[in-house]
2 protein chains.
Amino acid sequence: MNPYIKRIKDLSNHLDSQVLTELEGGFVDKKFSKGSYLLRPGQVCTSHLLVRKGIVRKFYKHNDKEITTEIYFHDDVAISMDSYIMQKPADVFIEALTEIEITIIDYRRFDTVKKKYAEVMILDKMFIEYYATWFEQRLKEFQTMNASQRYLNLFEKEPRIVQLLPVTIIASYLNISLETLSRIRSRLASS
Amino acid sequence: MNPYIKRIKDLSNHLDSQVLTELEGGFVDKKFSKGSYLLRPGQVCTSHLLVRKGIVRKFYKHNDKEITTEIYFHDDVAISMDSYIMQKPADVFIEALTEIEITIIDYRRFDTVKKKYAEVMILDKMFIEYYATWFEQRLKEFQTMNASQRYLNLFEKEPRIVQLLPVTIIASYLNISLETLSRIRSRLASS
DNA sequence: ACATAAATTTGACGCAAGTCAAATAATCAA
DNA sequence: TTGATTATTTGACTTGCGTCAAATTTATGT
């Protein structure tokens with residue numbers, strides 16, 4: 001696990017029970033079936049979605065082509081950051097790729113607790129810091145790696161994505177065509 | 001100006017004087033000549049750099065090729081986010097592209113003030129939120145636009161970059177070659 | 001002003017990766 | 001099992017953009 005995420009988790013586990021109970025008042029557990037949308041463009045993102053079970057992705061459409069920006073597994077948090085922080089309509093979809101179980105963390109409640117307890121504010125800030133550096137890193141991958149390097153990098157850093165998801169989604173996450181991904185794989189297999 | 005940045009500025013301007021004086025204790029004004037490095041790979045980023053005058057850029061090297069990630073003008077804040085938040089060695093350069101005057105905001109002092117005053121913590125968080133969504137947006141530009149679209153987009157959204165900086169740097173910011181940029185421009189001029 | 005260097009443009013060429021189309025392979029329903 | 005969808009692979013072709021090299025323009029120092 002990423003060391004910064006680990007730090008965030010460790011801190012979360014040491015929140016005092018007072019804080020925890022207030023926070024948990026804003027939690028709702030829900031299940032969704034494969035193919036459900038948890039957010040669509042135009043809707044305002046009013047919650048963090050904590051994935052407890054299953055796989056979720058975020059993607060946007062550009063000229064009818066789907067571009068997957070993030071893929072979430074157990075313990076990851078799905079959110080449309082710009083919609084959430086500006087409380088403006090999202091331009092992304094958040095979709096269940098399997099049957100899922102998630103915990104929905106309501107914006108307003110979370111906001112109230114953050115304002116009351118500095119340590120929760122700090123945790124939220126750390127989460128956003130992680131989010132920012134993750135995107136910075138991902139941009140760098142697009143700027144410095146070609147298609148097959150991105151594939152190999154993904155295979156190494158996020159093997160679950162390669163192992164568990166259909167080619168269509170892997171390709172859209174790497175921002176390459178289905179055909180190119182297929183060729184990359186066959187070249188790798190034959191060498 | 002970006003509306004979120006505007007909100008951050010407005011809030012900054014309404015901090016009470018007590019907070020301001022404590023903050024300003026951690027400010028140092030400095031001048032640097034063109035070509036100076038304010039941060040190099042391997043160094044830990046221990047401050048925010050507020051640009052008061054001149055132009056600054058952040059870039060990294062990949063196989064001897066320079067890739068410019070950000071360009072800062074008056075009132076922008078230069079920082080290596082991942083080095084700063086993890087207090088680990090940076091992998092980027094921060095360079096003065098002109099004579100510059102900057103205000104250096106010390107990490108430790110800022111950290112102390114943040115912990116003491118919630119409104120400062122919130123401002124810092126808002127800054128990071130902006131940083132995150134900016135990178136998300138920039139990644140999207142690389143995923144959806146070709147070289148000339150990126151150039152036109154830059155021309156529209158950041159005209160100063162196109163107007164004030166040499167081709168080398170514009171190209172490295174767009175992540176295209178010098179030659180390609182030159183051809184894009186001549187095609188645009190002749191149509 | 002002149003020489004030398006640096007920045008920018010232009011030309012020729014190659015290749016990574018996209019598109020369109022067709023062929024297999026895998027999945028699913030009845 | 002069989003036929004029908006859907007997913008994946010393979011082939012043929014095109015193209016945007018990179019690289020290398022040379023020409024031209026602009027900047028710099030003495």
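This is a predicted model: local features need pLDDT of at least 70, side-chain atom pairs count only at pLDDT 80 or more; totals for chains, interfaces and linings use all residues.
User: Which helix gives the largest share of the surface near DNA strand C?

Analyst: In all, 16 residues surround DNA strand C, and Asn146(A), Ala147(A), Thr180(A), Val167(B) and Ser182(B) are the closest. By class, there are five nonpolar, seven polar and four charged residues. The largest share, six residues, comes from H9(B).

User: And over at DNA strand D, which helix gives the largest share of the nearby surface?

Analyst: Around DNA strand D there are 16 residues, with Val167(A), Ser182(A), Ser186(A), Asn146(B) and Thr180(B) coming nearest. At least two residues each come from H8 and H9 of chain A and from H6 and H9 of chain B. The surface near DNA strand D has five nonpolar, seven polar and four charged residues. Its largest share is six residues, and the helix that supplies them is H9(A).

User: Which residues of H9(A) does H6(A) meet?

Analyst: The contact of H6(A) with H9(A) has four nonpolar, two polar and no charged residues. On the H6(A) side, the residues are Ala147(A), Ser148(A) and Tyr151(A). Their partners in H9(A) are Thr180(A), Leu181(A) and Ile184(A).

User: Now for H8(B): which of its residues are buried?

Analyst: The buried residues of this helix have several packing partners in chain B. They pack against strand S4 (56-62), strand S5 (65-72), helix H6 (147-157), helix H7 (159-164) and H9. The buried residues themselves are Ile170(B), Ala171(B), Ser172(B), Tyr173(B) and Leu174(B).

User: Is Gln87(B) buried or exposed?

Analyst: Gln87(B) lies in the loop between H3 and strand S7 (93-96) of chain B. Although not a glycine, Gln87(B) has a positive phi of about 45°. With 11 C-beta neighbours inside 10 Å, Gln87(B) counts as exposed.

User: Let's turn to where the two protein chains touch. Which helix gives the most to the side of chain B that touches chain A?

Analyst: The contact takes 23 residues from chain B and 23 residues from chain A. On the chain B side, helix H3 (81-86) and helix H5 (118-144) are the elements that give two or more residues. That side divides into 13 nonpolar, five polar and five charged residues. The helix that gives the most, with 15 residues, is H5(B).

User: How far apart are the C-alpha atoms of Tyr117(A) and Val19(A)?

Analyst: Tyr117(A) is found in the loop between helix H4 (107-116) and helix H5 (118-144) of chain A. Tyr117(A) counts as partly exposed, with 17 other C-beta atoms within 10 Å. Tyr117(A) and Val19(A) are 98 residues apart along the chain, and their C-alpha atoms are separated by 7.4 Å.

User: And what separates the C-alpha atoms of Gln163(A) and Ile79(A)?

Analyst: Gln163(A) belongs to helix H7 (residues 159-164) of chain A. Gln163(A) counts as exposed because it has 9 C-beta neighbours inside 10 Å. Along the chain, Gln163(A) and Ile79(A) are 84 residues apart; their C-alpha atoms are separated by 24 Å.

User: One last thing: which element of chain A has the highest mean pLDDT?

Analyst: Chain A averages a pLDDT of 93, and 99% of the residues score at least 70. Among the elements of chain A, the lowest mean, 87, belongs to helix H1 (residues 3-13). The highest mean, 97, belongs to helix H8 (residues 167-174) of chain A.

Conventions:
Residues are numbered from 1 along each chain as its sequence is written. Chains are lettered from A and ligands numbered from 1 in the order in which they are written. A residue is near a molecule or strand if its C-beta atom, placed from the backbone, lies within 6 Å of it. Helices (H or I, at least four residues) and strands (E, at least two) are DSSP runs, numbered from the N terminus. Ala, Val, Leu, Ile, Met, Phe, Trp, Tyr, Cys and Pro count as nonpolar, Asp, Glu, Lys and Arg as charged, and the others, Gly among them, as polar. Two residues are in contact if their C-beta atoms, placed from the backbone, lie within 7 Å. pLDDT is the predictor's confidence in each residue, from 0 to 100. A residue is buried if 20 or more other C-beta atoms lie within 10 Å of its own, exposed if 12 or fewer, and partly exposed in between; C-beta atoms are placed from the backbone.
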